[in-house]
Amino acid sequence: MVDVVLSKQKIEAGKTQRLEEWAREVRDREAEAIETLKNEGMYEETAFIEHTDGGDFLIYYMKAEDVDRVYEAYEESSHAIDEEHEQVMLDVLENGDNVGDYDFLYHLDNPEQP
């Protein structure tokens, strides 16, 4: 069975635009970003911004064979995009704490997907 992670982190007031700029850069550097996913053993990664009356939040979804391996590989990574990602997250997130409280119910994959 694969590991599936969903997290929610508070974006510091006034930093949402910086996070959106970084997301555009990640999309522009897709090949480099995908290399890091391969290195980490991650299958899928998706990020959203949730806009609420209480502020903006980064919502993050990850699917991997072993989430602990992903975190270890990320910490040891020498990829420039990973180092830049870490700096942006330190800059834009209030404290990096997961403020979401999610109970995993199930995850399905369509075996006929391309």
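This is a predicted model: local features need pLDDT of at least 70, side-chain atom pairs count only at pLDDT 80 or more; totals for chains, interfaces and linings use all residues.

Colleague: Which residues make up the largest nonpolar core?

Modeller: In soluble globular proteins, nonpolar side chains tend to be buried together. Here the largest core has 10 residues: Ile11, Leu19, Trp22, Ala33, Leu58, Ile81, Val88, Met89, Val92 and Leu93. The top contributor is α4, with 4 residues. A second, separate core holds 8 residues, including Tyr60 and Val67.

Colleague: What is Ile81 in contact with, beyond its neighbours within four places in sequence?

Modeller: Trp22, Arg29, Glu32, Ala33 and Thr36.

Colleague: How many salt bridges does the structure hold?

Modeller: Side chains of opposite charge can pair when their charged atoms come close. This structure holds 8 salt bridges. Arg29 pairs with Glu32, closest N and O atoms 2.9 Å apart.

Colleague: Is Lys63 buried or exposed?

Modeller: Lys63 counts as buried because its relative accessible area is 6%, under the 20% cut-off. Lys63 bridges to Asp109, with N and O 2.3 Å apart. That pair joins strand β3 to the segment after α4, 46 residues apart. Lys63 also meets Glu44, at 3.8 Å. Glu44 lies in strand β2, 19 residues from Lys63.

Colleague: Where is the nonpolar patch formed by Leu105, Tyr106 and Leu108?

Modeller: On the surface, with about 440 Å² of accessible area together. Tyr106 sits in the segment after α4. Tyr106 counts as exposed because its relative accessibility is 61%.

How values were computed:
Residues are numbered from 1 along each chain as its sequence is written. Side-chain values use heavy atoms; hydrogens and water are left out. A nonpolar core is a set of buried Ala, Val, Leu, Ile, Met, Phe, Trp, Tyr and Cys residues joined through side-chain atoms within 4.5 Å. Buried means under 20% relative accessible area, exposed over 50%, partly exposed in between (1.4 Å probe, protein chains only). Helices (H or I, at least four residues) and strands (E, at least two) are DSSP runs, numbered from the N terminus. Contact means heavy atoms within 4.5 Å. Patches are made of residues with over 30% relative accessible area and no salt bridge: like charges are joined within 9 Å, nonpolar side chains (Val, Leu, Ile, Met, Phe, Trp, Tyr) within 5 Å. Accessible areas come from the Shrake-Rupley method with a 1.4 Å probe; for residues, only the protein chains shown count as cover. A salt bridge is a side-chain nitrogen of Lys or Arg within 4 Å of a carboxyl oxygen of Asp or Glu.
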